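Subject: Structure handover

Hi,

Here is the structure I said I would pass on. Please open it alongside this email.

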Amino acid sequence: MAHSALQPLFDIIDAIVEIYLQFVTKPFLEFHDIFYASLNKFFRSQLDAKKVPVWFTANFITYLRTALIIPTLCMLSWRWWVPVSLTIIFVDFGDFLDGVVARYWVDKRKEEKAKKDAAKDKIDSDDDSFEVVSIGRPQKIASWSSNCRSKSYGGFVDA
């Protein structure tokens with residue numbers, strides 16, 4: 001492979017970028033990781049300690065952030081720099097918070113499912129299902145209401 005006359009220049013630029021990443025960006029990212037890990041633990045502990053309304057989901061936070069686009073653009077056009085800056089910081093924080101809330105609800109659903117499974121095993125019943133005998137062996141089919149309940153606890157949308 002033939003090297004161009006610009007290759008030494010590219011090598012110097014590559015070395016400068018690597019030095020910058022190693023000595024400027026990497027220490028900042030380590031601080032960032034520590035800060036956000038502690039922030040994550042704090043907000044998760046607050047969610048666990050309080051009864052969170054069922055409407056307070058990652059989707060709700062994402063929709064709220066999306067609804068702030070038009071007011072932010074209007075404030076930008078009016079040159080209201082401080083409210084715009086605060087709104088942008090709030091929206092960025094909402095991006096972090098919707099991840100915390102999404103993990104919270106996923107864990108809550110897992111806990112509820114584990115409790116239901118334990119209770120189901122304890123009473124040893126089919127609950128909402130029934131057996132269908134076809135040619136061969138019996139098959140267990142979940143009821144319509146059980147299927148609807150499991151579908152209503154679907155994933156979350158993130159922008």
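Below is what turned up, from the whole chain down to single residues.

Please keep in mind that this is a predicted model.

Overall layout

The chain has 159 residues, and 16% of them count as buried. It contains five helices and two strands. Along the sequence, the order is α-α-α-α-β-β-α. Now the contacts. Taking those with a separation of 6 or more, 66% join residues 24 or more positions apart.

Helix α1

This helix covers residues 7–49. It has 43 residues. From first C-alpha to last, α1 reaches 59 Å, close to the 63 Å expected at 1.5 Å a residue. Which residues of α1 are buried? They are Leu 39, Arg 44 and Leu 47.

The nonpolar patch

There is a nonpolar surface patch of about 980 Å². Its members are Leu 6, Leu 9, Phe 10, Ile 13, Val 17, Ile 19, Tyr 20, Leu 21, Phe 23 and Val 24. Take Ile 13 as one of them. Ile 13 sits in α1. Its relative accessible area is 43%, so Ile 13 is classed as partly exposed. Patch members need over 30%, and Ile 13 has 43%.

Phe 96 belongs to helix α4. Is Phe 96 buried or exposed? It is buried, because its relative accessible area is 15% and the cut-off for buried is under 20%. Leaving out residues up to four places away in sequence, Phe 96 touches Tyr 36, Leu 39, Asn 40 and Phe 43. Look at Leu 39 in particular. Leu 39 is one of the buried residues of α1. Phe 96 and Leu 39 are 57 residues apart in sequence. In space, their C-alpha atoms are 9.5 Å apart.

Arg 79

One backbone angle deserves a look. Most residues other than glycine have a negative phi. Arg 79 has a positive value, near 60°. Where is Arg 79 placed? It lies in the loop between α3 (69–77) and α4 (81–123). Arg 79 counts as exposed, because its relative accessibility is 60% and exposed means over 50%.

Best wishes

Terms used: Residues numbered from 1 in each chain as written. Predicted model: local features only at pLDDT ≥ 70, side-chain atom pairs only at ≥ 80, totals over all residues. Heavy atoms only, no water. Patch = residues over 30% accessible without salt bridge, like charges linked within 9 Å, V, L, I, M, F, W, Y side chains within 5 Å. Areas by Shrake-Rupley, 256 points an atom, 1.4 Å probe, with all protein chains shown as cover. Salt bridge = Lys/Arg side-chain N within 4 Å of Asp/Glu carboxyl O. Helix = DSSP H or I, 4+ residues; strand = E, 2+ residues; numbered from the N terminus. Buried < 20%, exposed > 50% of the residue type's maximum accessible area, 1.4 Å probe, protein only. Expected span 1.5 Å × (residues − 1). Contact = heavy atoms within 4.5 Å.
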